[in-house]
Amino acid sequence: MNKKVLGRLIGLICIAALGACRDKDAFILSGEIQNPGKIKTVYLLQPDSAVSYSMVTTDSTALSDDHRFSFKHQAFFPTFFKLLIGGQTYDVIAKNGDDISFKLDAKDTTNNYEISGSDDSEKMRQLNKMNNYYSAISGKLSLEYGARAKKAKNKADSDALYAYYYPKFIHNMDVYCARDLAFMDSNKTSLAGYMAAKSLDKYKYEQQLVAYADKIKDQFPGNKDVQNFVKSMAEVKPVSVGHTAPDFTLTDIDGKTVKLSDYKGKYVMLDFWASWCQPCRQENPNVVKQYAKFKDKGLNILGITLDEDRKPWQQAIAHDNLTWRHAGEFKRFDGPVVKQYKVEAIPSNFIIDPQGVIVAKNITGTDLEDFLNKTFNKAQ
């Protein structure tokens, strides 16, 4: 064989061998900080195994004279880390075998950074960029609203400002959540997708999160945080939208037995509330309004109290003019039915169709009115 050809072949084998000999028992995270100013030390943070969602310092290193740093650390499965640099944190997802490069200009007030060597970390950077974009919009709206509210001359002016800005806040949040859901769904094999899921309201987006948890339940077997999430979604799944509502038996305000099965063939809203719950009491006028509008079209309501004492419960029913049927267990969040329906906060409601299927959950305000309008207009 020609010596030149042989030399080239040996060279290629050596290059391949170098790649194959990459340390599989740890990951390397190397970085450069431009314009570091007073920054002298970089910290590596990782999840605290004892406290969910808490991060603890696992390592630190001084910046070199040329403003570089490097960490060598173990992660047997994709793990969420943070770099703490000059009071700001930057997300990294790493596992053994990764060789990750990080670059930052400390003068950049937008907290932009470059990262390579880890697809998950790059996806996390994209997610953070999206989060920062919509957070900036909310921040700007908040500043505008605050500045103009200070100049409001009377309540009418204040109400007008609120009516103008509140829909803008909601629209921005809805657009953000839609993009966050899309990111979550398109990154099911990445821990970055899970981080997107964690930022969503688990009550408002329960149906989507339950479906997502089903799809990733075998994806991250070593990650306790992910597995706890999967477990919690599995527990709530039987009482999520699209599932048959479990039957129960309670005693109503008149001492009579009431069962969910009593409402078979009818629409019924289970309304979990309490006299001491201010958000519940604030929502009650809206529920009264919707009941008056839709009761003749087929809407039934069964109020289930989390009160412990009968007297304040009965007084609240009378004061708020809650004319539908009421029952309770008088055990706050420890009642069997409350636990069966996984109620962790109130007000909480479940709308069940004539076939006994949960068709909506935890909707209040105009969302409740919109849903009832669509349901009963379609039913006619």
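Is Val42 buried or exposed? With a relative accessibility of 0%, Val42 counts as buried, where buried means under 20% relative accessible area, exposed over 50% and partly exposed in between, using a 1.4 Å probe and protein chains only.

Before going on, some housekeeping. This is a predicted model, so local features need pLDDT of at least 70 and side-chain atom pairs count only at pLDDT 80 or more, while totals for chains, interfaces and linings use all residues. Residues are numbered from 1 along each chain as its sequence is written, and side-chain values use heavy atoms, with hydrogens and water left out.

**Around Val42**

Val42 belongs to strand β2 (residues 41-47). Strands (E, at least two residues) and helices (H or I, at least four) are DSSP runs, numbered from the N terminus. Leaving aside residues up to four places away in sequence, Val42 touches Ile33, Asp59, Ser60, Thr61, Leu63, Phe69, Phe71, Leu83, Leu84 and Ile85; contact here means heavy atoms within 4.5 Å. Arg68 is 26 residues from Val42 in sequence, and their C-alpha atoms are 9.7 Å apart.

Arg68 sits in strand β4 (residues 68-73), on the uncovered face with Ser70 and Lys72, while Phe69, Phe71 and His73 make up the covered face. In a regular strand the side chains alternate between the two faces of the sheet. Strand β1 (residues 27-34) runs antiparallel to β4, and 6 bridges join them. Opposite Arg68 in β4 stands Glu32.

Two strands pair if DSSP finds at least two bridges between them. β5 (residues 79-85) and β6 pair over 7 bridges in the antiparallel sense, and Thr79 has Ala94 in β6 as its bridge partner.

The angles run from 0 to 180 degrees between N-to-C directions, and axes are lines fitted to C-alpha atoms, for helices over the stretch in contact.

| Helix pair | Axis separation | Angle |
|---|---|---|
| α2 and α4 (residues 191-198) | within 8 Å | roughly 30 degrees |
| α2 and α3 (residues 155-186) | 10 Å | about 175 degrees |

The α2 and α4 axes cross at roughly 30 degrees, which makes α2 roughly parallel to α4. α2 and α3 are therefore roughly antiparallel to each other. The cut-offs are under 35 degrees for roughly parallel, over 145 for roughly antiparallel, 65 to 115 for roughly perpendicular, and oblique for the rest.

At the α4 contact, Asp120, Lys123, Met124 and Leu127 of α2 meet Leu191, Ala192, Met195 and Ala196 of α4. That contact has 6 nonpolar, no polar and 2 charged residues.

β9 (residues 249-252) and β10 run antiparallel, joined by 3 bridges; Leu250 pairs with Val258 in β10.

The largest nonpolar core has 75 residues, and Phe229, Phe248, Leu270, Phe272, Leu302 and Tyr341 touch the most other members. A nonpolar core is a set of buried Ala, Val, Leu, Ile, Met, Phe, Trp, Tyr and Cys residues joined through side-chain atoms within 4.5 Å.

Ile346 and Pro347 are joined by a cis peptide bond, with omega about 5 degrees. Asn111 has a positive phi, near 65 degrees, and is partly exposed at 27%. Arg332 has a positive phi too, near 50 degrees, and is partly exposed at 34%.

Terms used:
Ala, Val, Leu, Ile, Met, Phe, Trp, Tyr, Cys and Pro count as nonpolar, Asp, Glu, Lys and Arg as charged, and the others, Gly among them, as polar.
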